[in-house]
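Please find below some comments on the structure under review. They are arranged as numbered points.

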Amino acid sequence: MTASFNRPRIARLFGVHAAPSTVQRVLLGALPFLLLLIVYVLASQARLAENPDDRLLPGFAQMWDAIWPMLSEPDARTGHYSFWNDTQASLLRLAIGVGSAFLLAMWLGLNTGSFAGMTALVNPFVTFISMIPPLALLPILFISLGVDELGKVALIFIGTFPLMTRDVHLATRALPPEQLTKTLTLGGGELAFVYRIALPQVLPRAIDTLRLSLGAAWLFLIAAEAIASTEGLGYRIFLVRRYLAMDVIIPYVAWITCIGFLFDYLLRRLRRWCFPWYQGDNAP
Amino acid sequence: MMSTQSKLHIEDVYKRYGSRLVLDNIDLTVAAGELCTLVGPSGCGKSTLLRLVLGQEFADHGQVLIDGATVQHPDSQRGIVYQKYSLFPHLTVLDNVRLGLRLDRQHWWLPWRHDKSADDEALAMLEQLRLTDARHKYPHELSGGMQQRVAIAQALVTKPPILLMDEPFGALDPDTREQMQIYLMELHEKQQLTIFFVTHDLEEACYIGTRLLVLSQYYTDDRGDAPEIGRGAKIVADYDLEVHALPTTVKGSQAYRDFVGQLRDNGFNPGIRKHVREFNLQHPHSFRTLTMQEDGQHGVGLLNSP
C-alpha cells in the first residue's frame, strides 16, 4: 500500500517561491513577444482589408519586398548595399563614441574614486556636464565640430561619459578601505592598488553600466543621424519617413532593437565569462 | 624558519581626535617571538592604536617603531589580517597568496612575471596552511575559517617582521573559532612568529596570547581621581602569560579558566565598564599590572612588577 501523502503545493509559475523550469521560463519570456506580433498582424490585416494600399501598418510580405532589395542589391546611386552600409556606419559611430566614453570614464572614475584630490578636481565638473541635456548641445557640436563623423561621435560621448564616470567613481569608492592597506602592506604602491586591485574589481560593474548606457547611446546616435548624415540607420529611417515608408521604418527599428538586445546579451555573457567571481548580479 | 624576527615599539604615544583624547601615554614593546594580545572594550582605541602601528595615522606625540625604524606609511614591514575584507575577491586563493610576491612599488604596470621560485614559495605556504586543494577557488567559495587561513597565508608570504591581527576570528562560529585559535598558536610555535593580536574577547586574548595587554579608559590616575568619561585609554595591565612553553592543552585547563574567571571577576570583562576596580589577582604566572584601588591611596599609574 503506497501512502498517498499531500505534497505541499508550491506555485510553479508565480508566487515568491515559484521555480519555473527552463522551458517554462522560455515560454513565459516569449509570450509578450507573441502577443505583440498577434496584435500587429490582426491590426495590419484589418487595415489592409479596408484599403490594400494602406502604408501605415504594412504586412510582413510588404516589408520583405521593401527591405530585400536593400539587403541584396547595391544602391544604384552609391553602389552600396544600403542596409548593411547603414548598419556598419551606425555601429562604427556607436563603437567609437561609447568606447572612448567608457575608456575615459574608467580612467577618470578610478582616479577620482581613489584619490581625494582628483575627486575635488574632477567631480564638480563632471556633475555639471552631466546636467546638460546632450540633445541641446547638438547644434553647438554640429556648428563647432562640423556635421561629419566627429560631431555625432562627440554627441554620443558627451551623452554617456558623465554617467559612466560617476558610476565607476562610486564603484571604486565602494571598495573596502582595508584593500588599500592590504595592498600597501603586501609591498604594492598606490598605483598598484588602482590598476591591479581596483580596476579588475570595478570592471564587471562598469560593463553593467555600459549595458545601461547603450540605450542612451542609441538615442543620441539616431538623433544625430536624423539631423545631418548621408548614411546610417537613423538617417535611413528619417529619410524614408518623408514617403511614409513604414515598410522600411518598421524593419529598421526592429533591426536596431535586435542589435541592442544582442549587445546587451553579449556584454552580459562577457562579464560572466571574464569575471566568474563577480557577485553583483545573480539574475539570469 | 623566519629569520626576520623583529619587534614593535610604541613610545609615549598620545592621540587626539579634535578635543577628545583617545590614547593617553601608550608605551609598549612587543618582543620577537611573542604572541601579544591586546584586549579592551569596544571604542577604547584599539583600532586607533592599530592604525598608528600600520602608519595610516600618526600620533600627536611619541613614536611608533618597527624594527627600530619609525613607521611612515603602511608597507611590507607589517602583515595584517582583518576580520573581513582581507582577501581580494577577484583573485583565486593562489593568486591572493602570491600577490605579495608579485606586487612591485615601481613596476606596477608590468604584466605579472612568471616567477617559478615565487610560485613555489606561495605553494609551499599553501601546503603549510593545508590549503593546497583550494588553491584555484575564489574567496567567496570558501568557508569563513578557510578564508581567514588564506588571509594568514597571504600576510605571511612576504615574511613581515610582525603580523598584526584585527579581531581576525570575530566573525567565525565558536567551533571554527576555536580551531583557528589552536591553529594560530601552532603556527606561532612552529614558525616563531611575532604577532600583535587585537581583540575585544578576553577569553580569546588569554587563551592564545603569550602576553596579554589590557587597554582601557577606566583607571584611577596619579591623584586618585575617579575616571571620567572621555579620558584617553592607557595600557592598564600587562600580563606575561609565558605560555609559549606550555602545550595548548594547558590553555584549556581548569587553572586557565580560573585565571580568566579572576580577570573577569575583577572587572576586566570589557562588556562591563566598572569605573573603579580593585585588582587582587592570584595567578601562577608572573604579571604586572597598573594597580587600581578604590581609595586611591596607593601609588598608581605605575606598572608594578610582581
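1. Basis of the note. This is a predicted model, in which local features need pLDDT of at least 70 and side-chain atom pairs count only at pLDDT 80 or more, whereas totals for chains, interfaces and linings use all residues. Residues are numbered from 1 along each chain as its sequence is written, while chains are lettered from A and ligands numbered from 1 in the order in which they are written.

2. Domains of chain A. Chain A comprises domain 1 (2-50) and domain 2 (60-274), with bounds that come from an automatic or database domain assignment. A distance of 34 Å separates the C-alpha centres of domain 1 and domain 2 of chain A.

3. Helix packing in chain A. Helices and strands are DSSP runs numbered from the N terminus (helices: H or I, at least four residues; strands: E, at least two). The axes of α2 (residues 60-72) and α10 (residues 246-274) of chain A come within 8 Å and cross at roughly 85 degrees. Here axes are lines fitted to C-alpha atoms, for helices over the stretch in contact, and angles run from 0 to 180 degrees between N-to-C directions. α2(A) and α10(A) are therefore roughly perpendicular (65 to 115 degrees; under 35 is roughly parallel, over 145 roughly antiparallel, the rest oblique). On the α2(A) side, Gln62(A), Met63(A), Ala66(A) and Ile67(A) meet Asp247(A), Val248(A), Ile250(A) and Pro251(A) of α10(A). Six of the residues of this contact are nonpolar, one is polar and one is charged.

4. Contact between the chains. In total, 21 residues of chain A are in contact with 24 residues of chain B (C-beta atoms, placed from the backbone, within 7 Å). On the chain A side, α7 (177-185) and α8 (190-227) each supply at least two residues.

5. Sheet in chain B. Four strands form an open sheet in the order β2-β1-β4-β5 (chain B), with antiparallel pairing (pairing requires at least two DSSP bridges between two strands). β2 (20-30) and β5 (69-70) of chain B are at the edges with a single partner strand each, so one side of each has no neighbour in the sheet. Between β4 (residues 61-66) of chain B and β5(B) there are two bridges; Leu65(B) has Thr70(B) as its bridge partner in β5(B).

6. Positive phi angles. Asn25(B), in strand β2 of chain B, is not a glycine but has a positive phi of about 55 degrees. Gln192(B), in the loop between α5 (174-191) and β8 (195-199) of chain B, has a positive phi near 50 degrees.

Methods. Two residues are in contact if their C-beta atoms, placed from the backbone, lie within 7 Å. Ala, Val, Leu, Ile, Met, Phe, Trp, Tyr, Cys and Pro count as nonpolar, Asp, Glu, Lys and Arg as charged, and the others, Gly among them, as polar.
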